[in-house]
Amino acid sequence: MSNTERTPLVAVVGPTASGKTALAVELAKALDGEVLSFDSMQLYKGMDVATAKPTADEMQGIPHHLIDVVDPSENYSVARFQEDAARIIADIRGRGKNVILVGGTGLYLDSFIENLQFFDTGDNTEVRARLRRELESSGPEAMYARLQSIDPEYAEGLHPNNTGRVLRALEVYELTGYTMTDQIAQSHREPGHYDVVYIGLTAEDRDYLYDRINRRVDRMIENGLLDEARHWLIERPGATAAQAIGIKEMLPYLQGEDTLEHCAEQLKIDTRHYAKRQLTWFRRNPDVHWLYIDQTPDLSALTAEALAIIEEEGIL
């Protein structure tokens with residue numbers, strides 16, 4: 001594919017609670033665009049509060065794609081995201097609109113933009129079942145520690161409780177002898193099809209971001225997080241949602257084993273750790289243009305900065 005045929009995209013990246021959704025909506029309004037989410041948890045139906053899904057008011061009439069589309073009993077893969085994103089982008093562009101990608105799951109974004117092709121691991125039912133048994137007996141921290149020893153770079157981008165991806169990485173290693181990092185490095189079978197302007201949101205003062213995270217957790221509890229957690233942890237405990245940040249931390253309180261205050265504090269800690277891992281992942285990309293939300297807290301000014309960068313890149 002020649003450079004003139006490459007599809008232009010804007011991607012808004014960064015840690016949780018940095019204001020990505022609000023900026024993406026403003027960019028979509030300014031650029032006659034639609035928003036495509038690359039958040040691995042906002043995909044799932046019924047996880048509105050814990051995943052901070054944008055409300056109708058926050059969307060401001062801008063179409064949002066790949067939010068609230070998958071039942072939590074389903075196993076949604078990176079490969080499926082690649083297929084879905086390509087189809088949706090082709091449709092949006094076919095209608096003469098621009099595409100604003102937004103989210104915090106760096107693996108989804110990078111795999112799609114770089115057109116990574118994943119190894120065929122063949123019939124892996126037995127290995128998968130054994131790893132799940134080991135997870136049940138040893139717990140997520142032990143399995144995550146095993147992955148850290150095998151593939152520390154890939155593990156850095158995962159939460160220990162993201163057991164689906166942890167087990168998948170261990171499974172791939174057992175079946176192929178390659179780590180996920182190896183696989184990603186070797187899987188560029190053909191070049192990607194997209195030209196991307198990356199806009200990153202962060203804070204120069206990390207405490208500023210952490211304060212935003214803490215206040216978001218407080219709002220989540222006010223907005224019904226406990227009811228959402230009760231549904232997934234008690235009524236559907238085997239679903240993917242039960243492992244999500246924001247859900248699992250509420251279990252001790254719902255079981256009468258801890259106070260709500262302590263569980264809320266644990267959620268704040270886990271979310272801050274997650275934000276740190278997100279920043280580590282996105283900072284590996286030298287093409288990200290970073291904007292600092294503590295230096296430019298006004299959304300209109302931040303939007304103007306982002307639009308100036310996009311115009312300078314000249315791909316739209």
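# Predicted model: burial, sheet, pocket and salt bridges

Pro160 counts as buried, at 12% relative accessibility (buried is under 20% relative accessible area, exposed over 50% and partly exposed in between, with a 1.4 Å probe and protein chains only). The structure is a predicted model, in which local features need pLDDT of at least 70 and side-chain atom pairs count only at pLDDT 80 or more, while totals for chains, interfaces and linings use all residues. Residues are numbered from 1 along each chain as its sequence is written, and side-chain values use heavy atoms, leaving out hydrogens and water.

- Pro160 is located in the loop between α7 and α8 (163-176); helices (H or I, at least four residues) and strands (E, at least two) are DSSP runs, numbered from the N terminus.
- Beyond residues up to four places away in sequence, Pro160 touches Pro140, Glu141, Tyr144, Val166 and Arg277 (contact: heavy atoms within 4.5 Å).
- A separation of 25 Å lies between the C-alpha atoms of Pro160 and Ala203, which are 43 residues apart along the chain.
- Thr105 belongs to the loop between β4 (98-102) and α4 and, at 10% relative accessibility, is also classed as buried.
- Apart from neighbours within four places in sequence, the contacts of Thr105 are Phe38, Asp39, Ser40 and Phe282.

**The sheet and strand β1**

- Six strands form an open sheet with parallel pairing, in the order β3-β2-β4-β1-β5-β6 (pairing requires at least two DSSP bridges between two strands).
- The edges are taken by β3 (64-65) and β6 (288-292), each with a single partner strand, so one side of each has no neighbour in the sheet.
- In β1 (residues 7-13), 7 of the 7 residues are buried, so the strand is largely enclosed by the rest of the structure.
- Both faces of β1 are covered, with Thr7, Leu9, Ala11 and Val13 buried on one side and Pro8, Val10 and Val12 on the other.
- Strand β5 (residues 194-202) pairs with β1 in the parallel sense over 7 bridges, and Val13 stands opposite Gly200 there.
- β4 runs parallel to β1 and is joined to it by 3 bridges; Val10 faces Ile100 and Val12 faces Val102.

**The second largest pocket**

- The volume of the second largest pocket is about 370 Å³ (the space filled by probe spheres set on its points, which are joined across faces, edges and corners).
- A pocket is an open set of points on a 1 Å grid over the protein atoms alone, where a 1.4 Å probe fits, with protein on both sides within 12 Å along at least five of seven lines; lining residues have an atom within 4 Å of a point.
- Its lining comprises 18 residues, with Asp110, Glu114, Ile184, Trp281 and Arg284 nearest the centre.
- Two or more lining residues come from each of α4 (106-113), α7 (152-156), α9 (180-186) and α13 (260-282), and α4 gives the most, with 4 residues.

**Salt bridges**

- The structure contains 21 salt bridges (a side-chain nitrogen of Lys or Arg within 4 Å of a carboxyl oxygen of Asp or Glu).
- Asp68 and Lys53 form one, with the closest N and O atoms 2.5 Å apart.
- Asp68 lies in the loop between β3 and α3 (78-94) and Lys53 in that between β2 (33-37) and α2 (56-59), so the pair ties together parts 15 residues apart in sequence.
- Asp68 is partly exposed at 37% relative accessibility, whereas Lys53 is buried at 9%.
- Arg128 and Glu171 meet at 3.1 Å, N to O, in a salt bridge.
- Arg128 is in helix α5 (residues 125-138) and Glu171 in helix α8, so this pair links parts 43 residues apart in sequence.
- Lys248 and Glu249 are joined by a salt bridge (2.5 Å, N to O), and both are buried.
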